Amino acid sequence: MKYYLIAGEASGDLHGSNLIKSLIKVDPDAEFRYYGGDKMLAEGGSLVKNYKDTAIMGFLRVALNARKIINNLQDCKRDIEAYAPDMLILIDYPGFNLEIAKYAKSVLNLKIIYYIPPKIWAWKEGRVETIKRYVDKVYCIFPFEVDFYKKHGFENVEYVGNPSVQSVSQANKVKRDDFFIVNELDPSKKIVAVLPGSRKQEIEKTIPIINKLDKSLFPDYQFVIAATSAADHKLYDKVSPDIKVVCDLTYQLLSFSDAAVVNSGTATLETALFGVPEVVVYPIFMPDLLYRFGRKYLLHVPYISLVNIILQRYSVKELVAGGCTVESVTQSLTDIISSDECRATMRSDYKELATILGTSVASDVVAEKIIASLNNQNLTE
């Protein structure tokens with residue numbers, strides 16, 4: 001079978017690479033062509049464009065790069081038509097992928113699945129109508145998403161497991177002594193991991209807050225920032241000298257951490273799966289009135305962290321916009337470090353979270369369902 005995959009960010013590249021590996025296990029003769037990244041390329045097939053050359057974030061940048069975006073879409077459409085895949089697999093990246101879905105279904109009549117659909121349950125809920133019209137099947141990674149789609153009249157949806165469960169369970173194990181020596185960390189001190197995100201704006205807004213924390217209030221701890229090579233390394237040049245930086249070692253860092261400060265996103269879920277008590281931050285800066293308007297009329301969930309969203313209650317502390325200050329981070333971090341009761345409650349919540357997500361290997365489940373549906377020629381089964 002021939003598969004065309006489209007992923008537009010680092011996380012999509014990772015999930016796409018895992019799906020390619022899983023598809024090869026059940027379809028050894030599989031052929032792949034994709035928009036993705038180096039991880040997907042390492043699994044074989046043909047990389048058409050790297051996500052680093054196509055990903056454009058933010059309203060202003062999108063407006064300024066409108067012509068480039070249109071050209072990328074047209075190039076992708078032509079390439080899909082020429083390749084004539086047996087199935088088109090979309091991975092998150094909604095702005096681009098939903099436009100491709102419209103064309104691929106209405107013009108080419110391709111079979112289309114959405115693996116890891118966009119978080120339209122949080123905002124831009126109207127996109128569900130596009131998915132209903134042009135996508136044959138949705139394989140989601142959060143259990144509550146099934147009810148969301150069915151509420152909107154879309155029945156062809158299944159929960160297949162969460163990729164973070166797979167990633168965390170398969171994380172490379174290293175010895176604590178080796179990790180501390182290689183990264184020049186103090187073995188006598190515990191670690192507060194800082195996960196500032198992977199996007200430029202996230203990193204730029206999180207690091208100044210961490211720099212200003214009074215580290216003397218946490219004498220038994222050292223602060224370590226989890227950097228990523230997916231971001232411009234110059235962004236980390238402004239990190240205070242009293243904070244260590246490790247690159248592309250997030251899982252190893254979490255496995256040895258005693259507490260964490262995490263910029264909202266998938267990392268909040270990964271931190272929970274490692275059992276690390278965390279404070280979730282999202283230091284966007286906007287007028288308070290505008291923020292309140294957005295929370296009330298644009299967002300459709302009461303929480304910003306995946307931990308709280310999945311548990312459907314307030315488990316981890318969330319510090320957002322004007323509420324994310326040096327003082328609030330200091331207090332919240334003090335709470336999870338010094339309170340045994342707080343730590344025990346949070347870890348109990350994490351166990352419940354893990355139970356909700358289950359242990360399925362999402363990419364394996366999806367690969368098996370794809371093959372079964374292609375053989376039956378019916379994606380709704």
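# Exercises on a predicted model

L374 has its place in helix α18 (residues 362–376); helices (H or I, at least four residues) and strands (E, at least two) are DSSP runs, numbered from the N terminus. This is a predicted model, in which local features need pLDDT of at least 70 and side-chain atom pairs count only at pLDDT 80 or more, while totals for chains, interfaces and linings use all residues. Residues are numbered from 1 along each chain as its sequence is written, and side-chain values use heavy atoms, with hydrogens and water left out.

## Exercise 1: the surroundings of L374

Find out whether L374 is buried or exposed, and which residues L374 touches.

Step 1. Recall the cut-offs: buried means under 20% relative accessible area, exposed over 50%, and partly exposed in between (1.4 Å probe, protein chains only). With a relative accessible area of 3%, L374 is therefore buried.

Step 2. Look for contacts (heavy atoms within 4.5 Å). Leaving aside residues up to four places away in sequence, L374 touches M1, Y3, D86, M87 and K111.

Step 3. Now try I356: L374 and I356 are 18 residues apart in sequence, and 30 Å separates them in space, C-alpha to C-alpha.

## Exercise 2: a pair of rings

Describe how the rings of Y3 and F32 are arranged.

Step 1. Start with the rule: rings of Phe, Tyr and Trp (its six-membered ring) pair if their centres lie within 6.5 Å; planes under 30 degrees apart count as stacked, over 60 as edge-to-face and the rest as tilted. The structure holds 14 aromatic pairs.

Step 2. Apply the rule to Y3 and F32: the ring centres are 5.5 Å apart and the planes are at 20 degrees, so this pair is stacked.

Step 3. Y3 belongs to strand β1 (residues 2–7) and F32 to strand β2 (residues 31–36), so the pair ties together parts that are 29 residues apart in sequence.

Step 4. Y3 counts as buried because its relative accessibility is 0%, and F32 counts as buried at 6%.

## Exercise 3: strands and their partners

Work out which residue of β9 is the bridge partner of V194, and which residue of β6 stands opposite I113.

Step 1. Two strands pair if DSSP finds at least two bridges between them. Strand β8 (residues 190–195) and strand β9 (residues 221–227) pair in the parallel sense over five bridges, and V194 has I225 of β9 as its bridge partner. Five of the six residues of β8 are buried.

Step 2. Strand β5 (residues 112–115) also pairs in the parallel sense with β6, over three bridges. Here K137 of β6 is the residue opposite I113.

Step 3. Look at the sides of strand β6 (residues 137–140): K137 and Y139 point one way, V138 and C140 point the other way, and all are buried.

## Exercise 4: confidence

Where is the pLDDT below 50, and how many contacts does such a stretch have beyond near neighbours in sequence?

Step 1. Begin with the protein as a whole: pLDDT is the predictor's confidence in each residue, from 0 to 100. The mean is 90, and 91% of the residues reach 70 or more.

Step 2. One stretch below 50 is residues 57–63, with five contacts in the model beyond near neighbours in sequence. Another is residues 293–298, with eight such contacts.

Step 3. Where pLDDT is low, the predicted coordinates should not be read in detail.
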